[in-house]
Amino acid sequence: MKILVTGGAGFIGSHTLVELNAAGHDTVVVDNLSNSNRKSLERVAELTGKEIPFYEVDIRDRKGLNRVMEAHHFDACIHFAGLKAVGESVEKPWEYYENNIGGTLTLLDVMRHHGCKNIIFSSSATVYGDPAIIPITEECPKGHCTNPYGQTKSMLEEIMMDMQKADKEWNIVLLRYFNPIGAHPSGRIGENPNGIPNNLMPYITQVAIGKRKELGVFGNDYPTPDGTGVRDYIHVCDLAAAHVCALKAIIRQSGIGIYNIGTGHGYSVLDMVKAFIRVNGVDVPYSIKPRRAGDIATCYCNPAKAKAELGWEAIYGLEEMVRDSWNWQKNNPNGY
Ligand code: NAD
Ligand code: WQD
């Protein structure tokens with residue numbers, strides 16, 4: 001199939017390009033490089049042995065998107081492009097709504113005008129808010145998102161569901177990612193955060209390499225086995241593979257499919273730190289800090305629906321996740 005990959009230069013997009021090309025798909029990338037670097041695409045070309053056509057286009061730019069869709073006939077779009085920093089979204093709500101919602105509305109409109117109505121959307125576990133059920137199934141009601149970033153994901157899910165209700169030609173897969181970490185085992189592509197990392201794993205790797213003094217563990221008084229927050233960390237290559245499985249499903253079925261993409265295992269912050277130290281043989285100094293506003297105690301999923309309907313399940317475990325995160329950081333101390 002020929003796939004339009006928006007946000008393909010980013011962390012998850014670049015890993016998904018590798019999986020898509022390995023599965024024999026053709027890919028075209030649209031990215032405005034607002035949170036990425038074209039070097040990631042050079043590395044993807046190196047890993048796949050294929051040049052990946054790239055358009056430096058913003059998804060809010062209707063003319064630019066039309067140009068891309070006139071030049072290629074796409075079977076489906078995998079839509080990663082968006083802003084994703086939770087804290088920044090609280091500071092800049094308008095920018096988040098305009099980029100994520102405005103951009104996606106333009107993309108969907110251009111797609112339908114070109115007769116391409118198959119889309120896989122990067123949603124997030126954040127739509128569950130403080131989850132009512134653990135492990136989280138897709139039946140779990142969506143919760144209150146405490147930040148504009150999460151709201152954009154939840155609202156975009158609703159928008160796409162309404163569009164599909166009105167026009168049955170749309171085939172839509174909403175993938176609710178849990179906490180992606182790790183990197184391609186080659187160490188050639190990985191997560192490349194700007195400035196101080198918000199997320200746990202890039203913070204750990206930057207402490208391990210000496211860029212930051214110590215990790216702050218946000219709270220050890222949660223109702224969890226060791227008091228620190230529990231999450232469902234998933235290797236980014238497993239997450240990438242889920243998109244390949246979702247593509248197979250999108251042409252078999254029509255309608256809306258919603259899937260949790262996680263491993264089903266919950267690990268605490270201290271589990272992650274200890275595994276990282278043990279597997280990689282490096283030190284990660286840490287100290288306990290107050291809770292971070294908006295954090296929840298526990299979040300992990302039941303991924304059975306993705307296994308049953310998409311034929312996908314995670315194969316990488318905790319050791320590979322912490323090993324590959326470190327391998328990427330150590331080989332690319334300053335990112336791309
Ligand atoms: P990323 O920032 O590395 O990748 C997103 C890409 O989109 C970047 O390359 C950025 O330059 C591009 N982009 C942003 N706005 C754009 C626009 N208007 N036009 C064109 N390109 C634009 O992030 P990621 O971690 O790879 O996340 C990919 C998607 O998955 C995002 O939608 C994110 O919200 C979602 N998601 C991520 C996580 C996570 O923890 N990383 C979890 C759940 C969901
Ligand atoms: C994980 C755990 C922190 C940093 C966020 C978004 C979510 C999704 C994934 C996009 C928590 C603790 C963290 C640190 C710490 N993204 N922590 N010290 O908050 O589960 O999810 O990223 O959709 O929407 O909210 O991920 O990696 O920030 O935190 O102790 O320096 O690590 O408190 O328990 P989170 P995270």
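Let me begin with a term: a contact here means heavy atoms within 4.5 Å. What I am showing is a predicted model, in which local features need pLDDT of at least 70 and side-chain atom pairs count only at pLDDT 80 or more, while totals for chains, interfaces and linings use all residues. Residues are numbered from 1 along each chain as its sequence is written, chains are lettered from A and ligands numbered from 1 in the order in which they are written, and side-chain values use heavy atoms, with hydrogens and water left out.

I will start with the whole chain. Its secondary structure comes to 11 helices and 14 strands, where helices (H or I, at least four residues) and strands (E, at least two) are DSSP runs numbered from the N terminus. The radius of gyration, taken over C-alpha atoms, is 19 Å, which agrees with the value near 20 Å that a compact globule of 336 residues would have; the globule rule is 2.2 Å times the number of residues to the power 0.38. Along the principal axes, the C-alpha trace spans about 55 × 45 × 40 Å. Of the contacts with a separation of 6 or more, 80% are accounted for by residues 24 or more positions apart. Buried residues make up 54% of the 336, buried being under 20% relative accessible area, exposed over 50%, and partly exposed in between, with a 1.4 Å probe and protein chains only.

Now to two individual residues. V30 is found in strand β2, residues 26–31, and is buried, with a relative accessible area of 0%. Leaving aside neighbours within four places in sequence, V30 has contacts that include L4, V5, Y55, V57 and V68; the C-alpha atoms of V30 and V57 are separated by 5.7 Å, although the two residues are 27 apart along the chain.

And where does N171 lie? N171 is in strand β6, residues 171–177, and counts as buried at 10% relative accessibility. Not counting residues up to four places away in sequence, N171 touches K117, N118, I119, I250, Q253, S254 and G255, whereas N171 and F54, 117 residues apart in sequence, are 25 Å apart from C-alpha to C-alpha.

Finally, the aromatic rings. Rings of Phe, Tyr and Trp (its six-membered ring) pair if their centres lie within 6.5 Å, and planes under 30 degrees apart count as stacked, over 60 as edge-to-face and the rest as tilted. The count comes to three aromatic pairs by this rule. For W328 and Y336, the ring centres are 5.1 Å apart and the planes are at 55°, so the pair is tilted. W328 is buried at a relative accessible area of 5%, and Y336 counts as buried at 15%.
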